[in-house]
Every structure is written in C-alpha cells, then in structure tokens.
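Please open the model in a viewer and keep the selection tool at hand.

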Amino acid sequence: MSETPALPRTARRSAQLVAASERTTLDPFVDVDWSVPIDDSAYHLPPEWLPLYGTAAWEAMTEADRVTYSRHEAAALCGAGIWFENLLMQSVLRHLAGLPVTHPAHRYLLVEVADECRHSTMFGEFIRRAGTPAYRPDQKEGFGGMDGLPGGQAMSYLLILAVEELLDAANRATMNDDRVHSVARQVARLHVLEEARHVSFAKTYLAEVWPTLSPEDREAAVDFAPIAVNAIADLTVDPDVYRTLDIEDGDTQARANPNHRARIAEGLTKLTGFLTQLGVIDDARRPAWEALGLVA
C-alpha cells in the first residue's frame with residue numbers, strides 16, 4: 001500500500017484539528033499548579049480505578065495505605081504514559097517521514113508530536129514530585145512496540161487508539177472526582193482536552209485507510225488486534241509498584257481482579273464499538289476479544 005493514498009476525509013479532519021489546536025493548546029507548566037505538594041492528603045486516582053480495589057490486599061490496607069498506594073499507581077500510570085507516548089511518537093514520525101510537506105496531514109501530525117512531548121514532560125514532572133520510583137513498563141515482556149505490525153500503519157493507529165482510550169477513561173474519571181488530589185485532576189483534565197484531537201485523527205485515518213488494505217493484510221491485522229490490545233491492557237498493572245510497597249502477590253491479585261478487568265473493558269468500550277463498525281470485530285472474532293476480557 002502506498003504511504004500517501006488519497007484520503008480526503010483525513011485531509012479535512014487534519015485541517016480542522018490544526019485549527020482546534022490553534023484555539024486551544026495547553027502548557028502543563030502554566031495550566032497545572034505545581035506549587036501544590038503531591039502528598040497523601042487525597043487519593044491520586046479514584047479508588048475504584050485502582051487495580052487492587054476490592055481484593056483481599058485492598059481490604060487489608062488502612063485508609064492511609066490505600067492513599068499511598070494510589071500515589072504509586074498514579075506515578076506508574078504516568079510512567080506507562082511516557083513509555084506509550086514514546087512509541088506513539090515514533091510511529092507518527094515514521095508516518096511523517098513518508099509524507100510530503102504539502103500533504104494535508106503533515107502539519108497536523110507535527111502538532112500531535114508536539115502535544116505528546118508536552119504530555120510526557122507533564123507526566124515526568126508528576127513522577128518527580130510524587131516521590132516514587134521512576135516506574136515504567138518492562139520492555140522485555142508483553143507489548144513489543146510498533147515495528148513490523150500486520151497491517152502496517154493502520155495497525156499502528158489502531159493501537160494508538162487502544163492506548164488513548166484506556167488513558168482517556170481513567171483520566172475522565174480522575175478529573176471529575178473531588179476525592180482526588182488537585183494536581184492529579186489538573187493533569188488528567190489537560191490530557192483529556194488534547195488527546196481528544198489525537199483520537200479524532202486516528203479514527204478518521206483508520207476508517208478511511210482500512211478499506212485500502214489488501215485482503216491478506218486485513219486478515220492478519222484482524223487476527224493480531226486482540227492479542228496486541230490485550231498486551232497493552234496488561235501493562236496497566238506494574239509489578240514494581242507491589243514490590244516497592246511490599247504487597248505480596250499484588251500484581252497477581254490485580255490482574256485477576258474482576259473489578260480491574262471490568263474497568264479495562266469499560267475503558268475500551270469506545271474502541272471496541274468503533275472496531276465493530278469497522279469490521280475488525282465481527283461475530284467470528286468477538287469470542288477472542290471476550291475471552292481476553294476486552295469487551296464489556
């Protein structure tokens with residue numbers, strides 16, 4: 001497939017998103033009040049969104065322990081966000097490398113990379129001020145990155161959507177919850193506002209480019225999609241958090257936790273609905289998604 005097929009809907013959406021970015025682009029070092037200490041005066045994620053919520057380990061914690069745990073989980077989510085956004089930026093930059101500067105999407109994709117750079121600096125600042133280890137996903141396990149994917153660039157944007165939708169669900173819950181620390185709410189709100197543009201572009205591009213794939217590429221991508229999305233979802237549990245806090249078998253309890261699995265499926269609802277419309281999830285393949293707990 002050509003790297004620059006004629007994609008008129010994507011071209012129109014790119015122009016709209018550039019205009020939207022001109023109206024609203026946020027600076028995390030202006031729009032987040034970092035003067036407020038990131039301490040354990042409040043939760044840093046809604047309790048119900050914490051992977052251990054409702055488990056035996058959770059019930060054994062004091063309230064103070066739970067708040068401390070939430071600070072570490074929030075920092076781990078920020079660390080995963082930096083790691084994910086690094087991969088996403090690499091994918092977008094590869095896309096850019098195949099586009100002439102006159103291509104309608106060229107300027108928008110540069111805007112998206114700039115957004116992701118600011119978001120990564122914001123996540124890094126949160127981690128540094130939270131006083132936790134510099135959590136990050138184990139690159140030797142699970143999701144291996146964006147190189148050599150079935151379906152090429154189309155699959156990259158499908159996985160970008162998976163990451164964005166999972167983070168968006170957690171961020172939307174966080175930014176509207178008065179039990180959550182003000183800095184965590186501000187970080188979540190900024191991320192939601194700007195990531196909405198990235199989701200819009202990815203959905204438009206994927207919907208338009210998907211029919212241009214060869215039948216063989218589509219078949220391979222459809223088979224690979226639930227495996228890759230599940231690997232991304234699995235990275236929402238960081239074993240290092242539980243080792244740091246001496247929570248025995250914490251990662252095992254978290255991954256087996258029905259509440260956590262329900263939150264993952266809930267966070268992926270917009271993605272799986274979109275993929276159903278696209279034909280990636282059909283009656284024949286839905287059982288594979290259901291078996292992995294990716295469909296609500």
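Which residues have the most contacts inside the largest nonpolar core? Select Leu109, Leu158, Leu206, Trp210, Val229 and Leu275, which hold that place in a core of 55 residues. The model is a predicted one, in which local features need pLDDT of at least 70 and side-chain atom pairs count only at pLDDT 80 or more, while totals for chains, interfaces and linings use all residues. Residues are numbered from 1 along each chain as its sequence is written, and side-chain values use heavy atoms, leaving out hydrogens and water.

A nonpolar core is a set of buried Ala, Val, Leu, Ile, Met, Phe, Trp, Tyr and Cys residues joined through side-chain atoms within 4.5 Å; buried means under 20% relative accessible area, exposed over 50% and partly exposed in between, with a 1.4 Å probe and protein chains only.

**The core and its helices**

Next, colour α1 (8-23), α4 (63-97), α5 (105-130), α6 (153-175), α7 (182-209), α8 (215-234) and α12 (269-278), the elements that each give two or more residues to this core. Helices (H or I, at least four residues) and strands (E, at least two) are DSSP runs numbered from the N terminus. Helix α6 supplies the largest share, 11 residues.

Centre on leucine 158. Beyond its neighbours within four places in sequence, leucine 158 is in contact (heavy atoms within 4.5 Å) with Leu206, Ala225, Val229, Leu271, Leu275 and Val280. Another core lies apart from this one, with 33 residues, including Tyr43, Leu45, Ala75 and Val237.

**Glutamate 165**

Now move to glutamate 165, in helix α6. Glutamate 165 is buried, at a relative accessible area of 5%. Setting aside neighbours within four places in sequence, its contacts are Val199, Lys203, Gly267, Lys270 and Leu271.

**Helix α11**

Select residues 258-267, helix α11, where His260, Ile264, Ala265 and Gly267 are buried. These residues pack against α6, α8, α10 (250-256) and α12.

**Helices α1 and α7**

Finally, show α1 with α7: the two pack at an angle of about 175°, their axes 9 Å apart. Axes are lines fitted to C-alpha atoms, for helices over the stretch in contact, and angles run from 0 to 180 degrees between N-to-C directions.

Within α1, select threonine 10. Is this residue buried or exposed? Threonine 10 counts as buried, at 1% relative accessibility. Not counting residues up to four places away in sequence, threonine 10 touches Phe201, Thr204, Tyr205 and Glu208.
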